[in-house]
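Please look over the sequence and the 3D structure below. Then read the short report that goes with them.

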Amino acid sequence: MKTKLAAAIAALMLMSAGVQAATLVNKGKDPVTIVVTEDGQKNEVTAGAAETVEFCLAGCFVTFPNGDRQALTGSETVEITGDDVLVQ
Amino acid sequence: MPALIALLLAGILLPDFSYSQAPLAQPVEVSSGEAEAIAEIDSQLAALDALNKKVLDSLQNDDALLGARISAEIISRALIEASVRFRPILKDITTRAETFKSATAEGDTPAPEVAAGVAALNKRKSAINGALAKAEDGSLAASALVEKVGVARRDLFSSQLAQRVELSDVFNAQTASDVGAEGRDLSRRVTSWLTFMLRFKLNGVLAATTFALIAALAFLRLGTVFARPFGRHNVVGYQPSYLTRIVSALVATLLPALTLAVFLSTVYYLLDWYALLRPDIAEMLSSLMRFIWQVFFVYRLALAILQPSQEPWRLLSVSDNIARLLLVLATLLAVVTGADTLLNAFSNTLSSPFSLTVGRSFGFAILIGLLLLATALLKPFKTEAGVAKPWPPYAKGFIVLAGLAPIFAALFGYVGLARFVTQQIVVTGAIAATMIVGFLCAQALADEDALKSSSIGRQLHDRFGLTDRQLDITAMMASLLTYAAVLFVGVPLILLQWGFKWADLVLTAVYFLTELKIGSVTISITAIGIGILVFFVGYYLSGRFENWLDKTVLSRARMDKGARTSIRTAVGYLGIALAALVGISVAGVQLSSLALVAGALSVGIGFGLQNIVSNFVSGLILLAERPFKEGDWIEAGAVNGIVKKVSVRATEIETFQKQSVILPNSSLINAAVGNWTHRNTLARLDVPVVVSYGADVVKVQNILRSIALAHPKVLKTPEPFVLFKGFGAERLEFELRFFIADLFEQAVIGTDVRFEIVKQFRLQGVDLPYQQHDAMHSIFADDPDIGSAAITLEQNSNESAKVIRKSTKS
C-alpha cells in the first residue's frame, strides 16, 4: 500500500512538473509590457496592474521595461514593481 | 564564491553601517562565471554559423538536414542555458548599485570612488546586456534555421518522389560492369580484412567470439529459468488459453532474439575494443548484424504467432498450410526489406554510383510488390466448417493496390516514389501488425477468467495469494493499460512514420491535455485527472486517519462504543469533504464559482431536496446526540429491532426476523423512539396469568412468587411482585412481574416461567379457567386429565396453546 501511495505521489509530482511556465506578476500601479523571445518569435506580454500572466513555456529571452535583459528557463516567477525587476 | 561571501557579508553589515565606505571599496571586477558564460555564448554562435553553412552545402542530404535540425535545437537550448547563468551576476550588480545609491544622500554629488564604482557596474551590466542580446539573436537565428531545414527537407522529399529516371539509363551494360566492379571492391575489402584477421589477430577474434558465445549462453540460461513458467509444454490434447498462448509466443520470440542480440553486440564491441575493426568494415559489419537480427526476429515472431506445426498454440486461426505460407512470406518480406537497408549501407560505405542505387531500389520495389500480391492471393481465414476463406474484399483490394503501386511506380521510372511507398507499407504494416497483436493481447486479458485459468494467474495466486476477484480486477486493469500503451506507442509511431513532426505531436497532445477549449470554457484533462487522483489519495488518507484515530486514540480514551462510532463517522465525512474540496480546486474549478452553484442549488434544496437535507441534518443530530448506538434494541413506530448502522441519511435496523429496515433519520428525530438498551439491559417482564374463580388466591400468589424467585435469571431485587389485576368475566386475573438483567433473554426466561406455572398449578391443584373458544375447547375436551385446565397467556397465545397440546399428548 505504501509503495502504491509513493508511486501515486511521484506520478503526481511528475505530472505537475510536466507543464510549467514562467509567471509575470505586476505589483506596480501601471500596466507593464515585456518583450519575450521564444520559439523564434518576439512577442509582447502585457500585465495590467496587480495582474499575473503566464508566459515562456520552455526557455526564452526577456527584455524588461527598464531595458534590462534576462534569460528564463520557464520555471521562474518575475515580479515587476515599477522599474524594479525581481526574478526568482 | 569569494564574491558571494563578500556579498553576504555586505548584506549583514549594511543595515548598521550603511554609510560605511568598507563595502564600496570592493573591486568591481568581472567575475569568472561572467566571462565563461560570454565565451560559451560566443562559441555557440560560432557553431550556429558553421551549421548554417553546412545546411547550405547539404540541401540534398536528408540525414544531414535532420542532423542539422537537431543541432540547431541543441544550440538554441545551450544559448538559453548560458544566458541564464548571468542571473546571479545581474542580481549581484543590482544589489551593489543599490549600495552605492544609498551611500549618497539625496541631492548630494556622489563621492569620486562611488561614481567610479557606479560607472564600472554600469559597464559590466551593459556588457552582459550586449551578450544577452547576441544570445537572443542567436536563438532567433537557430529557430529560423530549423524552419529553413524543414522547408529544405520538404522540398527534397517532394523532388525525390517526383524524380523520374530513364530505366534505359539504369539497366545497361555500364550498370552491369558497375555491379561487377562493386562486387569486386566489396570482396577485396572483406577478404583483405579477413586475411589480416586470420593471420595476425586470430586469437583476438577467437577470444571475442568465445566470450560473446559464453555471454549469450549465460543470458539464454538465465532467461530460460526465469521464463520457465510461461514456456510451452506440449501435452497431447492440451488446449492452452489465449493468454497463455500470447505470453508464450512473446517469450518464444523475445528470448532467442535477445540472446542473439547479446551475442552479436558482444562480438561487435569486443572486436571494436581490440581495435580490430576498420571504419568501413565496422559500418558494414554493424549493418550486416542488424540485418541478421531483424530477419531472425521477424522469423521468430512469425513462427510464434503462426506455429505451423503446433495447431493448439497458433494465435491466428488459419490452417496448417496457410500458416506455413504466411511464415515464408513474412520471412521473405523481412529478408527483402532488410537486404535493401543492408545494401544501402554497403553502397554508402563503398560510395556506389547512382545507377546502382536506383537499380537496387527498383528491384526491391518490384519484389515487395510481388510479395504483397502473393499475400493477397492467400486464403488465410477459415469458415466455421474449416474451409479456407479468402481475405475480405476490401482487405484484398487494399493489399493488391499496395502491391501494384510500387511495381507501377518503379516500371514508369519513379523509383524514389516506389521506394518510399514500399518503405511506408512495410514499416506501417509492421507497426500495425504489432498493434493488432497488442490489442488481441489486451482483449484476451479482458476476458473473464482468462488470467485465472492461465499459468500466470496460478503463479500470482500461489505466490501472492490473490483471490479470484482480485485476479479478475488485475486482469481488467492490465487489459486497459495494454490498450492504452498500444495506442500511446503505436499511433504516434505511425504518425511519425507518415511524416508528422514529433514536436507537433507533443504540442497537440499537450494542448488536448492541458487547455482544451470548448466554447469559452478551458478544460485541462491533466488537471482533472490530477484532481481525481488527489481526491482518491485524500480519501484513502482520511480512511487511514480514521482507523488510526479509532484504534489508537479513541480506544485508549475508553470512550463508549456509540461515541467512538459517532466521532469516527464524523471524521470520515469530514475527510471525504476535504478530499473532495482539495480535488476540485486542484482540478481547476474555482471554489467561488462552486459557491455560486451552491447558491443556486439552495433554492432547489428548499423544494426538491427538502427531505434529503432534513434527513442529513437529522443524521448529524443523531451522531451528536446519540439517542441510540449500534447494537441497541430500539422501537421506532412499527419497526422493532437492533440498530446496525447509523449513517448520515438513514439508519439501518435489523428486525428479529432478520429483515433490514432502512429508516430515514428524520423519522427517528421527529417521532418517539423507544430504546430498550439506552442505559442498561435491565427489563421488567410481565406474565399475565388467569385462574378460575374456585382457586385459592393466596396459594396462587405464593406459587407465582416462588416460581419467579426460583428462576436463576430472575433478579431478587427489585423483588418479583404478583399483581392481582382484577375480576374477569369467568376468571381471576393476575400478573407476575419480575426483573431480568439481560433484556435479550426475555423470551427464554418468560417461556421457562410459563412452563413452570402450568406445572405447579397442576401439581398443586389450582384450577385454570375453561377455555372459551370452541376450537380450544375441542382440543382439551378429549383429554380428561386436563379437564377444565387451560391457560391463556396474553402474548403468543397460539404458540402456548400448541406447547400445551404437545405436552398433554406426550
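The report covers a disulfide, a sheet and some aromatic pairs.

## Ground rules

This is a predicted model, in which local features need pLDDT of at least 70, side-chain atom pairs count only at pLDDT 80 or more, and totals for chains, interfaces and linings use all residues. Residues are numbered from 1 along each chain as its sequence is written, chains are lettered from A and ligands numbered from 1 in the order in which they are written, and side-chain values use heavy atoms, with hydrogens and water left out.

## The disulfide

A disulfide is a covalent bond between the sulfur atoms of two cysteines. Here the term stands for a pair of cysteine sulfur atoms within 2.5 Å. The count is one disulfide over all chains.

Cys56(A) and Cys60(A) form a disulfide, with 2.3 Å between their sulfur atoms. The torsion about their S-S bond is about -110 degrees, so the disulfide is left-handed. Both Cys56(A) and Cys60(A) are buried. Buried means under 20% relative accessible area, exposed over 50%, and partly exposed in between (1.4 Å probe, protein chains only).

## The sheet

Strands of a sheet pair through backbone hydrogen bonds, either parallel or antiparallel. Strands are DSSP runs (E, at least two residues), numbered from the N terminus. Two strands pair if DSSP finds at least two bridges between them.

Chain B holds an open sheet of five strands, in the order E8-E7-E6-E5-E9, with antiparallel pairing. Its edge strands are E8 (660-664) and E9 (673-675) of chain B, and each pairs on one side only. Strand E5 (residues 633-636) of chain B pairs with strand E6 (residues 639-646) of chain B over four bridges, in the antiparallel sense. Trp633(B) stands opposite Ile642(B) in E6(B).

## The aromatic pairs

Rings of Phe, Tyr and Trp (its six-membered ring) pair if their centres lie within 6.5 Å; planes under 30 degrees apart count as stacked, over 60 as edge-to-face and the rest as tilted. The whole structure has 13 aromatic pairs over all chains. One of them is Phe408(B) with Phe412(B): it is stacked, at 6.4 Å centre to centre and 20 degrees between the planes. Phe408(B) is partly exposed, at 44% relative accessible area.

Trp633(B) and Phe656(B) form an edge-to-face pair, 4.7 Å centre to centre, with 65 degrees between the planes. This pair links distant parts of the chain, 23 residues apart: Trp633(B) is in strand E5 of chain B, and Phe656(B) is in the loop between strand E7 (650-655) and E8 of chain B. Trp633(B) counts as buried, at 7% relative accessibility. Phe656(B) is partly exposed, at 42%. Trp633(B), Phe656(B), Trp676(B) and Phe744(B) form one aromatic cluster.
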